[in-house]
Amino acid sequence: MLINRAYKFRLYPNLKQKELINKTIGCSRFIYNVMLSKKKDNSKFTKFDLIKEIPKLCNDYPFLKEVDSFSLRNAIFDLENGFNKCYKKLGGYPKFKKKGIKDSYRTEYVKNIYKDKIYENIKIDLKNKTITLPKLKEVKIRGYRNLEYINGRILNATIKHIGSKYYVSVCVEENIPLVEAKTSSIVGIDMGVKSLITTSDGISYGNPNYLKKYERKIKGLQKGLTRKIKGSKNYHKYKNKLQEVYRKLQNARRKINEEIVSKIIKDNDMIVTENLNINKMIEKSNKNLRKNILNSTMSDIIRRLKYKCAWLNKKIIQVNRYYASSQICNRCGNKNEEMKDIRIREYKCPKCGIEIERDLNASLNIMYEGLISYYKKIYQN
Ligand SMILES: [Zn+2]
């Protein structure tokens, strides 16, 4: 089975390379913004119409010729994606890009064979710790110490500038063997604010408290930032610090989520989660920052569960988000509306008398609901 995997490296460009990376990021942002205003003038412009505009722009703005041309085309593809998301109501109307926010560009892999020699514009050498990138040539990298080589076809690479650091994420198509699915054990997953995850076999994973540390730091820095004069040296210093904290949060989250997902997948062949209405779940804490952090943590877990299940030929079932998993008694089916209050941690059923931890009750309900929808599908076909 073919899968796409991302390999992320820290990039150590020299001064000249840094300059060129920053220039390329600036140029792809420039193209993105120019094309966005063209789209605003005439929404009928397709990406092909926009791509045709590139040579003209290169004549008017010669600095565009100095950078990796793939990055310019990809800026248009990104804009197109933004519009598609917007049409499907998965995102808002694309906005103009600003310097200092999500600074990055993407380039494409190309292979040429000339006089029996293979020429590739992106190459990774894990032994010598370098990556070859279009226009930049060899750049030093760090990461994947235990890997000798990457066994797959490189598709593209995204170069990012975060704070004072540089990163590259290389997307690789790999062929992994298909595993025979057993679907012998099923587990229901409840995601919450007390434990990140509670499974129907009674295990809790991940204490979201670790997120609080980052929340505090982010809040402090944001507060500091509002007191600085926009564009001043101190302002940029604070901004860089803020981006650094976000990156650390992402790394910590990646590590913890990967562990949780690996454990759950190792032990189970069928995984049921709620198609979450996360906003509703965390409505009791109306602090936006916490909400954002938790929301992205949970969608990260679901994303990982989904692709791991696909890789390992396991099943993931998502049950309706309006399913009142925390209000229904898993033993007798009685609905207890008091449980809407998320501060009540213990489910006490007034009908059958069961006393069970709130999240465990929810995860059991989710598991049953998943099982029902699974069999419904089987019998319908
Ligand atoms: Zn009951």
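Please bear in mind that the model is predicted.

I begin with the whole chain. The protein has 381 residues, and 27% of them count as buried. Its secondary structure consists of nine helices and 16 strands, and the C-alpha trace spans about 75 × 55 × 45 Å along its principal axes. Among contacts with a separation of 6 or more, 66% join residues 24 or more positions apart.

The largest nonpolar core contains 27 residues, and Ile189, Ile260, Ile271, Val272 and Ile301 have the most contacts inside it. At least two residues of this core come from each of the following elements: strands E10 (186-191), E13 (270-274) and E14 (315-319), and helices H6 (233-267), H8 and H9 (358-380). Which element gives the largest share? That is H8, with seven residues. There is also a second, separate core of 19 residues, including Leu133, Val139, Ile141 and Ile159.

Let us take Ile271 as an example. Beyond its neighbours within four places in sequence, Ile271 contacts Val187, Ile189, Ile264, Leu305, Cys309, Lys314, Lys315 and Ile316.

Finally, I come to H8 itself. This helix comprises 24 residues, 288-311, and at 1.5 Å a residue it should span 34 Å; its end C-alpha atoms are 34 Å apart, so the two values agree. The buried residues in H8 are Ile293, Leu294, Thr297, Met298, Ile301, Ile302, Leu305 and Cys309. After the helix comes Asn313, with a positive phi near 60 degrees.

Methods
Residues numbered from 1 in each chain as written. Predicted model: local features only at pLDDT ≥ 70, side-chain atom pairs only at ≥ 80, totals over all residues. Helix = DSSP H or I, 4+ residues; strand = E, 2+ residues; numbered from the N terminus. Expected span 1.5 Å × (residues − 1). Buried ≥ 20, exposed ≤ 12 C-beta atoms within 10 Å, placed from the backbone. Core = buried A, V, L, I, M, F, W, Y, C linked by C-beta atoms within 7 Å. Contact = placed C-beta atoms within 7 Å.
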